[in-house]
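Reader: I would like a close look at one helix in this model. Please walk me through how it sits in the fold.

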Amino acid sequence: MACEHQSMASVIVIGGGVVGLSVAHACRSAGDDVIVIEAGRCGGGASAGNTGWVSPSLGTPLAAPGIVRTGIRSALDPDGALSIRPRLDLDWVRWLWQFTRSSRPEPFRRGIAALLELTRRSLAGLDTMRESGVEFEEHAAGLLAVARRDDGLHWFDLVFDELRALGFEGGLDRLDGDGARALEPALGPAVGVATRTTLDRHVDPTSLAGGLAAWLADNGAEVREQARVVTLGPSRAGWAAELAGGERVEGSHVVLCTAIATRRLVRPLGIDVPIIGAKGYSVTVPMPDPPIRLPLYLCEPKLGLSPFDRGLRIAGFFEIGARDGAPSARRTRQLIAETRAFLVRPDSLRADPADPGWAGFRPSTPDSLPLIGPAGSRPGLLMATGHGMLGITLAPSTGIAVAELVAGRAPSWIEPFHPGRWG
């Protein structure tokens, strides 16, 4: 394989989103030589548009009982919060069949238990990042889920019952509408009931990505942006990644944190992974009056709201089978309108009419569990991808897991996330 230049590292992390940067931080903290290779800019993919929640209370599978029926019923609704848009594509049909099987009660319960083992490690992992010198915006105010009526919180009640049975450590407080408004004065009369979680946090994901990239550069790791990996293959060192332009980077371990690009990289190696892109949307706007102080989940429209130092982010919608990742001015207007309905002063929430908002694909697996572990039979190739809507929540613990695997250890709590679990 001809090349213009060759670089070496013990760990090559491909993908510079928050998950990839968290993996690089954990490996570098363990003493590994690390190179991060990012096709665009670090934190510029799905990490750029999400709510930044680190939420063990909501770390549960999307593949849940009843979800397929709900999604297909919304397939033709352009304003549906969750929609499944079928395609005549063999990979897509196989993914949907596996998703349907994973949505049965017993796989759902196993998924909750597996994810709880990850989320239990995420808050400590976030603390470790800060203690090591990573600078980022973080808030530890919990989360307030609000609904118009009791049935709007039904899904939360079911999930929390499962979490409690597993020994979940977080507190959950049920409130009426007046109690919710006392806690968050920005809420209006539409709110009838609420549940507050006390364990959850949220970060500005852009600040976390930037803080991790800066820490890596300051602590002996190499971070390369605008560097696209074209192919992967075995080498004498273990594995080699060839970049566009001909440069070759070799290392004993390659970790793929590459979202929906993962399939392109591993298929030539005879490895297939069931990842599809599920489209989500967000917009970041100035704070309304009074300002929102707590992260909110609006149950009926299924929207997440995060107050950052720079404004309010509103995120939502989950389109499985969407064909393009372009922003949508119509969806952005919908985010604003559905949020206004829950505020005490709806007209104080304003957005720039020229801002189309953000849209992107979340890398999603059929059982809503990420892929963490060895890929294929040759040692040294690892995956850490497919986190769906839980990328920020699971990023710190994913880094911990990969550092363990690179060190030759395989704790039992990682086993449910093995990339080969579909056979």
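Author: Four residues of helix H5 are buried: Phe156, Val159, Phe160 and Leu163. Buried here means under 20% relative accessible area. Why do they share a side of H5? They cover an arc of only 100° around the axis, which puts them on the same side of the helix. The general rule fits that picture. An α-helix has 3.6 residues a turn, so residues three or four places apart point the same way.

Keep in mind that this is a predicted model.

Now the helix itself. H5 runs over residues 154-165, 12 residues in total. From first C-alpha to last, H5 reaches 17 Å. At 1.5 Å a residue, 16 Å is expected, so the two values are close. After the helix comes Gly167, with a positive phi near 85°.

What do the buried residues of H5 pack against? One partner is a helix, H4 (105-132). The others are strands: E6 (143-147), E7 (172-176), E8 (193-197) and E15 (296-298).

Next, the setting. The protein has 10 helices and 20 strands. Of its 423 residues, 57% count as buried. Along the principal axes, the C-alpha atoms fill a box of roughly 65 × 45 × 45 Å. The accessible surface comes to about 17100 Å², and carbon and sulfur atoms hold 53% of that.

How values were computed. Residues numbered from 1 in each chain as written. Predicted model: local features only at pLDDT ≥ 70, side-chain atom pairs only at ≥ 80, totals over all residues. Heavy atoms only, no water. Helix = DSSP H or I, 4+ residues; strand = E, 2+ residues; numbered from the N terminus. Buried < 20%, exposed > 50% of the residue type's maximum accessible area, 1.4 Å probe, protein only. Arc of directions from axis to C-beta. Contact = heavy atoms within 4.5 Å. Areas by Shrake-Rupley, 256 points an atom, 1.4 Å probe, with all protein chains shown as cover.
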